[in-house]
Amino acid sequence: MKTYPVTIQIYLNLETHEERQLFNDINTKRKEPHNGLVMKYDQRDEYAELTRNIARILESKMEIEATLSRITVSCTALTTLTIMRRCLIALFEGNVTVKTGKANYGDMTKAEIIDTATAFFESWLEIFPKKMSDRTTFTSGYSGIQIALAQTIHQLRKHHEIPYEEAINHMLHLKKACTWKHDDALYSHIYDPLKKRVKNHSTTNAIQKTALAFKRKIEQEGGWLHDSK
């Protein structure tokens, strides 16, 4: 037993009721803390820390759910910390699957990373409809759509060799090119005509197809060559 390795996780700055909940979940129910709570306090994950910083910058501009990892159709929040983290990974690395290990920002400075991340999320306020968190009518509040937008930026940078700022500015083409409604032509690969809404939008395959649809539409509206990859 003296040589048996023991893993310890420490969560800082918890309120008393949060400590009790953690104790109850781990020791009584044998449940791991859910992703939303981990995102709120994890000090080791670089993307989690960046997400919290960006959320603080944006808190007066959009409603962000800071605890839950998933949000219901009726939730008024536009996104969550967990979804924002996935967006940032897709934005900087093009990765829409599970990410572990050290963040890869290339040769960007900390200031450039924060400015780019903030600009990406602020672009939502420009391209999304006024009732952007109304998930019954619009798709703008769906995790798969948000992550796909981030990967779109990454793909535009990669294939057209343009800086983040320019790629993010090209997102404005979607303001008129996409209605953000469930039956928009850009969602033909995930639209369920019987249920009259998008479905399975957050799978890896669906996110990649949605990002490709966004990218092609932006290239078309921006006058880029139609044979762009």
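Buried here means under 20% relative accessible area, exposed means over 50%, and partly exposed is anything in between (1.4 Å probe, protein chains only). This is a predicted model, where local features need pLDDT of at least 70 and side-chain atom pairs count only at pLDDT 80 or more, while totals for chains, interfaces and linings use all residues. Residues are numbered from 1 along each chain as its sequence is written, and side-chain values use heavy atoms, with hydrogens and water left out.

**View 1. The whole chain, to get your bearings.** The protein chain has 9 helices and 4 strands, where helices (H or I, at least four residues) and strands (E, at least two) are DSSP runs numbered from the N terminus. Starting from the N terminus, the elements go α-α-α-β-β-α-α-α-α-α-β-β-α. Of the 229 residues, 47% count as buried. The chain exposes about 13500 Å², and carbon and sulfur atoms supply 50% of that; accessible areas come from the Shrake-Rupley method with a 1.4 Å probe, and for residues only the protein chains shown count as cover. A contact is a pair of heavy atoms within 4.5 Å, and among contacts between residues at least 6 apart in sequence, 64% join residues at least 24 apart.

View 2. The predictor's confidence in each residue is its pLDDT, from 0 to 100. The chain's mean pLDDT is 87, with 83% of its residues reaching 70 or more. Where pLDDT is low, the predicted coordinates should not be read in detail.

**View 3. Helix H4, tucked away.** Of the 13 residues of H4, 11 are buried, so the helix is largely enclosed by the rest of the structure. Those buried residues are Leu81, Thr82, Ile83, Met84, Arg85, Cys87, Leu88, Ile89, Ala90, Leu91 and Phe92. The end C-alpha atoms of H4 are 18 Å apart, which agrees with the 18 Å that its 13 residues should span at 1.5 Å a residue; the expected span is 1.5 Å times one less than the number of residues. Just after H4, Gly94 takes a positive phi of about 75°.

**View 4. The largest nonpolar core.** A nonpolar core is a set of buried Ala, Val, Leu, Ile, Met, Phe, Trp, Tyr and Cys residues joined through side-chain atoms within 4.5 Å. The largest one has 57 residues, and those touching the most other members are Phe92, Phe120, Phe121, Trp124, Leu149, Trp180 and Phe214. H3, H4, H5, helix H6 (143-160), helix H7 (164-169) and H9 are the elements that each give it two or more residues. H4 supplies the largest share, 9 residues. Zoom in on Trp124: leaving aside residues up to four places away in sequence, Trp124 touches Met62, Leu78, Thr79, Cys87, Met132, Gln146 and Leu149.

View 5. A salt bridge is a side-chain nitrogen of Lys or Arg within 4 Å of a carboxyl oxygen of Asp or Glu, and the structure holds 6 of them. One joins Glu46 to Lys102, with the closest N and O atoms 3.7 Å apart. Glu46 sits in helix H3 (residues 46-58) and Lys102 in the loop between helix H4 (81-93) and helix H5 (110-127), so this pair ties together parts 56 residues apart in sequence. Glu46 is partly exposed at 30% relative accessibility, whereas Lys102 is exposed at 64%. Another joins Glu122 to Lys61, the closest N and O atoms being 2.5 Å apart. Here Glu122 is in helix H5 and Lys61 is in the loop between H3 and strand E1 (64-65), so the pair links parts 61 residues apart in sequence. Glu122, at 26% relative accessibility, is partly exposed, and Lys61, at 43%, is partly exposed too.

View 6. Lys215 pairs with Glu219, their closest N and O atoms 2.7 Å apart. Both residues lie in helix H9 (residues 204-222), 4 residues apart, about one turn of the helix. Lys215 and Glu219 are both buried.

**View 7. Asn104 in its loop.** Asn104 lies in the loop between H4 and H5, and at 47% relative accessibility it counts as partly exposed. Not counting residues up to four places away in sequence, Asn104 touches Tyr47, Phe92 and Glu93.
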